[in-house]
Amino acid sequence: MARFNIQTMNTSNPTSSLATLDLGIDGMTCASCVTRVEKALKKVPGVSEAAVNLATESARVSYAPSEQVEARLRRAVRDAGYEPRAADALVQEGEASPWAGFAPVGIGLALSLPLVVPMLGDLGRFHWMLPAWVQFALATPVQFILGARFYKAGWFALKALTGNMDLLVAIGTTAGWALSVWLWLSAEQGEMAHLYFEASAVVVTLVLLGKWLEARAKRQTTAAIRALHALRPELAHLIGVDGELDVPVAEVLVGDKLVVRPGERFPVDGTLLEGHTQVDESMLTGEPLPVAKDAGARLTGGSINGEGRLVMQVAAVGSETVLAHIIRLVEDAQAAKAPIQRLVDQVSAVFVPVVLLIALLTLLGWLWVGASGEAAIIHAVAVLVIACPCALGLATPAAIMAGTGVAAKHGILIKDAQALELAHKVDTVAFDKTGTLTLGQPRLTAFEVAPDQDEARLLAAAASLQSGSEHPLARAVVRAAQDRQIAQVVPDNVRAVPGRGSEGEVGVRSYLIGSLRWMDELRVSLGPMAVRAAALQAQGATVSVMVERSTQGLTLRALLAFGDEPKPGAKEALAALRARGIRTVMISGDNRGAAETMARRLGLRPEAGEVMAEVLPGDKAAKVAELKAGGRTVAMVGDGVNDAPALAAADVGLAMGNGTDVAMHAAGITLMRGDPLLVAAALEVSDRTVAKIRQNLFWAFVYNVAGIPLAALGYLNPVIAGAAMALSSVSVMSNALLLRRWRPGGG
């Protein structure tokens with residue numbers, strides 16, 4: 001069965017939704033096939049979009065849910081002349097022998113070799129030419145049995161009034177075979193006619209060899225997905241009423257308790273209940289060093305347990321696990337179509353009819369200048385054979401598959417091909433501060449109360465009010481109270497004021513805790529403590545204010561100062577981006593003094609406009625728009641819910657993997673380690689991938705642009721043309737596979 005991915009998508013009717021279906025397709029050979037399958041799928045009622053990828057041999061279809069839609073889509077693929085199959089068939093095939101599918105090629109080589117050897121002997125003036133009937137007996141099975149696939153696919157193309165590689169090969173090789181038969185049968189008794197059976201047989205064999213090498217290379221490009229699938233254990237050790245029991249991972253439920261032994265992979269996501277260990281998460285995050293885990297720590301399915309026997313409680317299973325999410329992101333990126341591919345699709349739609357016309361003109365042109373019919377046909381056949389647009393269809397998707405695969409191996413998850421293609425153009429990178437450039441774990445560095453106030457009572461009230469908040473500053477207040485063993489109570493009527501602070505009741509008193517900006521808006525006077533607030537800001541602290549609401553109004557009770565530390569590697573990451581000629585900017589909600597102090601610690605220059613301070617969460621997207629207004633290509637890096645609009649507004653959004661799901665959904669690229677150094681690595685892998693796409697497209701066009709005129713002018717015979725055509729596809733795939741050698745910072 002094909003695999004379904006159901007998503008809600010924006011439409012004109014807000015209550016409607018589109019479903020997404022991934023469907024494998026067997027039998028596609030070139031860019032023209034892609035165009036034909038897309039047209040067939042788009043004709044199915046309810047289909048809004050269909051994108052076909054030659055390299056993954058799959059289609060992604062968006063449609064309005066209806067009955068039997070999967071069957072209709074499969075039927076449309078079959079009617080177009082192709083075979084529908086499971087979406088992950090290519091991934092499963094990758095586990096086969098390297099020689100899988102070589103039998104037809106081997107038979108073709110065995111039958112073609114006796115035809116080629118006498119031709120080579122002629123070059124040395126050795127007359128080893130086989131009798132015509134022997135040549136016929138060797139070439140005919142190659143032409144009509146091994147080459148049957150070309151006739152079948154070519155026939156479907158003709159029925160659809162389109163063309164593809166198979167049609168060109170079928171027409172070209174049939175013309176060579178038929179010409180040879182005619183010359184043999186029309187020759188005088190005892191005359192040894194010059195036949196072209198070897199040309200038709202060798203061309204069919206070379207095309208089959210090229211397609212086999214291409215399929216083998218495709219299996220290598222899916223190595224990243226296969227490696228991720230391999231991280232899933234098949235069994236889990238479930239703690240049941242009768243002790244440990246081995247059960248299939250598919251039967252594990254959320255809330256179950258599992259035992260994980262030393263050296264085993266965690267079967268699902270969960271929380272560590274008992275034990276202590278070091279966990280190898282390298283295949284998920286790219287981080288080579290094991291991570292220490294104690295009771296209460298989060299565990300990710302697919303990572304490897306170290307030396308301890310552990311008991312974990314299951315938190316997520318199946319498609320909800322982190323590993324499943326990663327696999328889905330990589331598959332989505334590899335199945336996606338880059339914007340540059342649209343140009344290729346437009347060219348391929350008219351390519352085959354133009355080639356057929358050129359072949360016809362070649363035939364008529366040679367006849368017009370007085371060449372024999374035999375020579376004219378051979379030159380036309382050479383045009384048909386060398387013009388096959390296989391390489392053109394593979395150039396972009398092969399590079400994208402290799403690029404996204406190697407990026408995932410190093411902890412960079414690229415959600416869509418558009419982000420991958422755009423990232424190499426980025427000339428400005430905007431960073432959120434807290435949790436992105438800093439650890440995001442601020443400490444309460446000062447708690448200064450107004451005269452005649454009880455510090456312990458106010459800290460208890462502040463911690464109680466902040467106890468339900470996930471904001472980093474709120475957690476810092478709670479931790480400070482816990483460190484001093486100050487008890488907290490449950491607050492009442494707590495209300496968060498976005499971008500400003502929170503308010504609520506603790507016991508019989510009502511408090512507000514928030515930013516200086518909010519206090520200015522509320523007209524709260526800091527009195528003599530204003531000087532102290534300014535001094536704390538000058539030292540780089542983020543200052544909040546605690547006030548009490550009463551019948552007399554709002555009264556200052558305390559100042560709270562918070563300090564954070566830069567992330568390890570953040571300064572080096574910013575320097576690496578500047579070394580690439582990229583402008584770096586920090587966007588922060590902190591007051592200007594605190595933001596600029598942290599910026600200088602990170603190596604940023606506030607005087608050069610590299611700091612945007614006192615930015616409300618809702619205004620971050622507007623700041624990104626300002627940066628884009630100058631014609632710059634902007635990447636935004638963030639980790640929080642409030643960063644999601646800015647991530648979506650940027651040309652390229654990069655979310656830290658240690659951040660929120662909302663941020664990761666809004667971004668086109670996710671950095672699994674939350675390491676700022678991966679930002680430069682993500683831009684670098686985009687550079688390399690786009691370079692490979694351009695190289696592939698250049699060579700694919702060069703083969704055709706140079707080869708077609710040479711064949712038409714008689715400088716290439718069909719055998720050489722067939723070899724060049726096969727070489728073009730293999731060279732494009734091989735060039736894309738070079739991306740697998742990429743390493744962050746190492747080229």
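Predicted model: local features only at pLDDT ≥ 70, side-chain atom pairs only at ≥ 80, totals over all residues.
Local features require pLDDT of at least 70 and side-chain atom pairs pLDDT 80 or more, while totals for chains, interfaces and linings use all residues. Residues are numbered from 1 along each chain, and side-chain values use heavy atoms, without hydrogens or water.

Helix H6 spans residues 148-159. Helices are DSSP runs of H or I with at least four residues, strands are E runs of at least two, and both are numbered from the N terminus. H6 has 12 residues and reaches 17 Å from first to last C-alpha, close to the 16 Å expected at 1.5 Å a residue; the expected span is 1.5 Å times one less than the number of residues. Its buried residues are Phe150, Ala153, Gly154, Phe156 and Ala157. They lie on the same side of H6, because they cover an arc of only 160° around the axis, taken from the directions from the axis to the C-beta atoms. Lys152, Trp155 and Lys159 are exposed on the other side. Buried means under 20% relative accessible area, exposed over 50%, and partly exposed in between (1.4 Å probe, protein chains only). Leu161 follows H6 and has a positive phi, near 55°.

An open antiparallel sheet has 3 strands in the order E11-E10-E13. Strands pair if DSSP finds at least two bridges between them. E11 (291-293) and E13 (304-305) are edge strands with a single partner each, so one side of each lacks a neighbour in the sheet. E10 (residues 277-280) is joined to E13 by 2 bridges. Val279 stands opposite Asn305 of E13.

Helix H12 (residues 339-368) contains Leu357. Leu357 is partly exposed, because its relative accessibility is 48%.
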